[in-house]
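Trainee: I am new to this structure. Please show me how to read its features one at a time.

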Amino acid sequence: MVRTPLTPAERRRGERLGALLREARGPRSMVEVAAAAGLSAETLRKIETGRAPTPAFFTVAALAAELDISLNELATACGADEERPGREDTLSA
């Protein structure tokens, strides 16, 4: 299966997610946080550096729980509400 290239906006969201997680991790080591969340340190490193800009939902959820960040906070801060091409508002009256 060929993956569709990410848009610049998707890459920026991934970079924001990585920065937020890195900031929330604070002085804790990457290895400590990754292990506590059930991930490899390399996976966390890729997310924090933006090399994995679209991590799986359950990966993000595990990190958010370990770092005591709400998923709503992450979604808002990462621009989940940005308009995406082809997205239609189904709640319009």
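Mentor: Start with burial: a residue is buried under 20% relative accessible area, exposed over 50%, and partly exposed in between, with a 1.4 Å probe and protein chains only. Here, buried residues make up 28% of the 93 residues in the chain. This is a predicted model, in which local features need pLDDT of at least 70, side-chain atom pairs count only at pLDDT 80 or more, and totals for chains, interfaces and linings use all residues. Residues are numbered from 1 along each chain as its sequence is written, and side-chain values use heavy atoms, leaving out hydrogens and water.

Trainee: How many helices and strands does the chain have?

Mentor: Helices (H or I, at least four residues) and strands (E, at least two) are DSSP runs, numbered from the N terminus. The chain has 5 helices and 0 strands.

Trainee: Which residues are buried in helix α3?

Mentor: An α-helix has 3.6 residues a turn, so residues three or four places apart point the same way. In α3 (residues 41-49), the buried residues are Ala41, Leu44, Ile47 and Glu48. Seen down the axis of α3, they fall within an arc of 125 degrees (taken from the directions from the helix axis to the C-beta atoms), so they line one face of the helix. Just after α3, glycine 50 has a positive phi of about 85 degrees.

Trainee: What do the buried residues of α3 pack against?

Mentor: Contact means heavy atoms within 4.5 Å. The buried residues of α3 pack against α1 (8-25), α2 and α4.
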